[in-house]
Amino acid sequence: MKAVLYEAFSQAPKLVTLPDPAPDRNGVVIGVRATGVCRSDWHGWMGHDPDIELPHVPGHELAGVIEAVGRDVTRWKVGDRVTVPFISGCGTCPECNAGHQQVCHNQTQPGFTHWGSFAEFVAIHQADLNVVALPESVDFATAASFGCRFATSFRAVIDQGKVSAGQWVAVHGCGGVGLSAVMIANAVGANVVAIDISEEKLALARALGAVHTVNGASVGDVPAAVIELTGGGAHVSLDSLGHPTTCFNSVLNLRKRGKHVQVGLMLGEQSTPAVPMSKVVSDELEILGSHGMQAHRYDAMLSMVLSGKLAPQRLVGKEISLEESIPALMEMDRFQSVGATIVTRF
């Protein structure tokens, strides 16, 4: 199979030919039709993830068609259109037994614990637990974002933030995760304030339902601006980027008893950011993490997609080739394009 491979962290990957994967007894092999280029992949390439062993094939946001099935798999067959969460649960640990596969003790992640989807084929473990059927009406490029950014945002907004109609929601960072959060929060009736340093991204946030936007490059005090716009602060605030500044601002712009949801990864030298803990205590704030979403929760998200309440296809930006994913990956720490960059040509 064709694949993108890197043999050292922070050094340019190469387009190579590798052996096709085979499914284990409980797994499947998916023929990749689309895969997203995500900031998490950049973190892995930089060496921020201890699970990655070199040489490595990145990629964890994917959709495609099942090409091979392990002998103990009962729910899937060759030819099925599918997508997967970026976290695969083991099915036997206490968290999996409680339905919390997104924090499985023995989780596997394509593109991190094993070779990923920047390739023509990718292996997925425990397929009966972790694979999700993809409706015919959802194209592969759109579905590629479900595995990470869109599903992660859905869980952050709906399951962790418990956002409801009429609440104020602040979204810090309008990349793929942030714009997804804007759309999802708006769909359930919340009032969204979107924050970014790109006017182009803020314009898209407004088109997706944000009632106010704040440009962090031109506003001196972002939390104060959000507090003024919301009449006292956000009920729920998300750091969708994963940066010490956006994390700090997200906590600081909350109203009393508000919730901060950390969605963006903070790894490497940014893994221990400053937090205004005195405000957390005095205002009884909640600080929550959000890490992917279980396969069994996809039905709720897909129901909103199929009904037209959510339109994740509007978040698909540039479609590129597998070879073009190499510079796209390497440049993820720089100013990113509007919308999700998706590999659709292999």
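Analyst: V138 lies in the loop between β7 and α4 (140-144); helices (H or I, at least four residues) and strands (E, at least two) are DSSP runs, numbered from the N terminus. The model is predicted, so local features need pLDDT of at least 70 and side-chain atom pairs count only at pLDDT 80 or more, while totals for chains, interfaces and linings use all residues. Residues are numbered from 1 along each chain as its sequence is written, and side-chain values use heavy atoms, with hydrogens and water left out.

With a relative accessible area of 5%, V138 is buried; buried means under 20% relative accessible area, exposed over 50% and partly exposed in between, with a 1.4 Å probe and protein chains only. Not counting residues up to four places away in sequence, V138 touches R81, A143, F146, V305 and L306, where contact means heavy atoms within 4.5 Å. V138 and L302 are 164 residues apart along the chain, and their C-alpha atoms are separated by 9.4 Å.

F146 and V305 also take part in the packing of two helices, α5 and α11. Helix α5 (residues 146-160) packs against α11 at an angle of about 90°, and their axes are 11 Å apart. Axes are lines fitted to C-alpha atoms, for helices over the stretch in contact, and angles run from 0 to 180 degrees between N-to-C directions. The two helices, α5 and α11, are therefore roughly perpendicular to each other; angles of 65 to 115 degrees count as such, under 35 as roughly parallel, over 145 as roughly antiparallel and the rest as oblique. On the α5 side the contact is made by F146, G147, F150, A151 and F154, and on the α11 side by Y298, A300, M301, L302, M304 and V305. By class, this contact of α5 with α11 has ten nonpolar, one polar and no charged residues. Ala, Val, Leu, Ile, Met, Phe, Trp, Tyr, Cys and Pro count as nonpolar, Asp, Glu, Lys and Arg as charged, and the others, Gly among them, as polar.

On a 1 Å grid over the protein atoms alone, a pocket is an open set of points with protein on both sides within 12 Å along at least five of seven lines, a cavity is a set where a 1.4 Å probe fits but cannot get out, and lining residues have an atom within 4 Å of a point. About 210 Å³ of space lies in the second largest pocket; grid points are joined across faces, edges and corners, and a volume is the space filled by probe spheres set on the points. The lining of this pocket has 13 residues, and R75, V131, A295, H296 and D299 lie nearest its centre. The elements that give two or more residues to that lining are α3 (127-130), β7 (132-133) and α11 (298-307). Eight of the lining residues of the second largest pocket are nonpolar, two polar and three charged.

F150 is among the residues that line the largest cavity, together with S145, R149, G176, S180, P312, L315, V316 and A340. The largest cavity has a volume of about 40 Å³.
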